Amino acid sequence: MNELKISKKAYIYIVIFFVFMSFGVMLRIPQLIFITIPLIVYIFLGALSFKFDDIEIKREVENKIIFEGESFKMKFIIKSVNTEGYLEIINNDIREEIFLKNNETRTVEKNLVFKNFGRFNYSEIKMILHDRYGIFIAKNYMRDDFLIRVYPVPENLRKFSIKPKRTRSVIGEIPSKYIGTGSEFHSIREFQEGDDIRRINWKKTAMLDDLMINEFLAEKSGNAVILLDARKYQKSQEEYKKMIEGQVKATLTLSTAITRTRNRLGLIILKDTVDWVYPGYGRTQLIKINERLLNVESKSEFYVPVEYGKRIITRFFPPNSFIIIIGTLFDKNLIDIAVELVAKKYELLVVVPYSIETSKDTVSRILNAERKVRMRIISKYATVVEWDITMPLTRSLEAMAK
C-alpha cells in the first residue's frame, strides 16, 4: 500500500483528547484528564493491530465479450503480504469489503448484468485498507487495460434478402444471369466430358436414352453498405439515446443478415465525425462492425453533412450496389442524396425509425409531420420502411416484403 493516512475518526479522537487534556490541566480537574486515557488506548490498539505492506490482486473473467442482458462473472483473487485489516475493493460499480488476515489469499466473485450495450471501463481498481478500529487508512490503485464489451442482440431476419443487380465474381447466394454453381434451376442439356455426374437428370436420361444433366444459375455475392445517421437532432439526451439504441440494433440485425449470405458489406456512421468500416465479408467483417457500433453517440450537437457519406459510397461501391440508409430523416438533405444515388443506379432501402413514446408537444408534432412528408418524397425513388423502435424490426421488413 503506497498511501497511509489517519482517518477522520482518529482526527476527531485526537481533537477530543487535546480539548479535554487542555481543560483538565488549566482547570486542574484530574477527571477530565482521566477521561482521555481510553481514547489514547483505543488509538494505540489500532496502531498495534494495523499491519500493512502490500496487497496482490488478480482478476479473472469468463469472457470479456458478452451480449446485453447476459450474466457476467468477475473473480478477484486477493493475497495479503504482511498486511492485515479490512479491505474495501472498488472497481467501477463493484464495491466489496472483506477482512484480510496476514499472508492470506481470498477469492471474491461478483455477478454482473449489463442491460445496455457499449464499452465499460473496469481498468482501475481502488483498494482501501483500514484497521479493526478504523484509525488508520491505506490506499492503493491498480490500473490495466480492462474493457468489457457488451454487444446488442440482433434479431433473426428470415425473409430479408438483398438482390443487387450487379454481382461480384465471388460465390454467394444471389442468382446471376450466368450458368454455374447454384441452386436455382435453369435448363437441361446433353452430358459433356468433365461434367459433374451428380447433376445428371436420371428421369430425362431414361426418357431420351441419352445422358442429360441439369444446369443452374451461378450464385454470386453482391455489394451492400449501411449508412447509419447517428447525428443528434433530439433536444433530450434520454430521447436521443433511446433512438440510437434502436438504430444500432437495426444496423446490427441487417449486418448479420447480409454477412450470412456472403455478401460484401461496408458501414458508414455519421455523427459529430465520420466513422466507417471498409467493405468486407463474413464473420470477420461482422466483428469489425460490432466494434464500431459500441460507440456511435454524438458527443456534441455539431455534426458532419450527409454529403460525406455519399462520397464514401460512390468512391468505394460500384453502381447497382444495395444501399441501406437508417435515419430519422430530420436532415432534409437526405432527400437530395437519395435522389442522386438512385440516379447513379444504386438500389436504395431507407429505414426510418421513430418512437410513439416521444412527447406530444408542438415541436414534436411538426417534426413528425416533416418526417412523413420526406418519407413520401423518398418513396418515389426508393423502398421506405417506417419502423417503430419499440417493435421488432422484423415485422416492418416482412410487411415491406408483402
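Since the model is predicted, local features are taken at pLDDT of at least 70 and side-chain atom pairs at pLDDT 80 or more, while totals for chains, interfaces and linings use all residues. Numbering runs from 1 along each chain as its sequence is written, and side-chain values use heavy atoms, with hydrogens and water left out.

**Overall picture**

The protein has 10 helices and 18 strands; these are DSSP runs numbered from the N terminus, with helices being H or I of at least four residues and strands E of at least two. Of its 402 residues, 44% count as buried. Buried stands for under 20% relative accessible area, exposed for over 50%, and partly exposed for what lies in between (1.4 Å probe, protein chains only). The accessible surface comes to about 22400 Å², and 53% of that belongs to carbon and sulfur atoms. Areas come from the Shrake-Rupley method with a 1.4 Å probe, and for residues only the protein chains shown count as cover.

Now for contacts, meaning heavy atoms within 4.5 Å. Taking the contacts with a separation of 6 or more, 72% are between residues 24 or more positions apart.

**A greasy patch and a helix pair**

Val 15, Val 19, Phe 23, Met 26, Leu 27 and Ile 29 make a nonpolar surface patch of about 550 Å². Patch members have over 30% relative accessible area and no salt bridge; like charges are joined within 9 Å and nonpolar side chains (Val, Leu, Ile, Met, Phe, Trp, Tyr) within 5 Å.

Elsewhere, helix α5 (residues 237-260) packs with helix α6 (residues 282-293) at an angle of about 175°, their axes 10 Å apart. The axes are lines fitted to C-alpha atoms, for helices over the stretch in contact, and angles run from 0 to 180 degrees between N-to-C directions. So α5 and α6 are roughly antiparallel to each other, on a scale where under 35 degrees is roughly parallel, over 145 roughly antiparallel, 65 to 115 roughly perpendicular and the rest oblique. On the α5 side the contact is made by Val 248, Thr 251, Leu 252, Ser 255, Thr 256 and Thr 259, and on the α6 side by Gly 282, Leu 286, Ile 289, Asn 290 and Leu 293.

**A few residues up close**

Ser 321 sits in the loop between α7 (307-316) and β16 (322-326). With 1% relative accessibility, Ser 321 counts as buried. Beyond its neighbours within four places in sequence, Ser 321 is in contact with Asn 223, Tyr 346 and Glu 347.

Ile 188 belongs to strand β12 (residues 167-190) and is partly exposed, at a relative accessible area of 32%. Setting aside residues up to four places away in sequence, Ile 188 touches Asn 201, Lys 204, Met 212, Ile 213 and Asn 214. Ile 188 and Arg 199 are 11 residues apart in sequence, and their C-alpha atoms are 9.9 Å apart.

Then there's backbone geometry. Most residues other than glycine have a negative phi. Asn 92, in the loop between β5 (85-91) and β6 (94-100), has a positive phi of about 60°. Asn 103, in the loop between β6 and β7 (105-113), has a positive phi near 55°. Asn 92 is partly exposed at 44% relative accessibility, and Asn 103 is partly exposed at 49%.

**Salt bridges**

A search of the whole structure finds 19 salt bridges, each being a side-chain nitrogen of Lys or Arg within 4 Å of a carboxyl oxygen of Asp or Glu. Among them are these:

| Pair | N to O distance |
|---|---|
| Glu 88 and Arg 95 | 3.2 Å |
| Arg 292 and Asp 275 | 2.7 Å |
| Glu 340 and Lys 344 | 3.4 Å |

Arg 292 is in helix α6 and Asp 275 in strand β15 (residues 274-280), so the pair ties together parts that are 17 residues apart in sequence. Arg 292 is partly exposed at 33% relative accessibility, whereas Asp 275 is buried at 18%.

Glu 340 counts as partly exposed at 28% relative accessibility, and Lys 344 is partly exposed at 37%.
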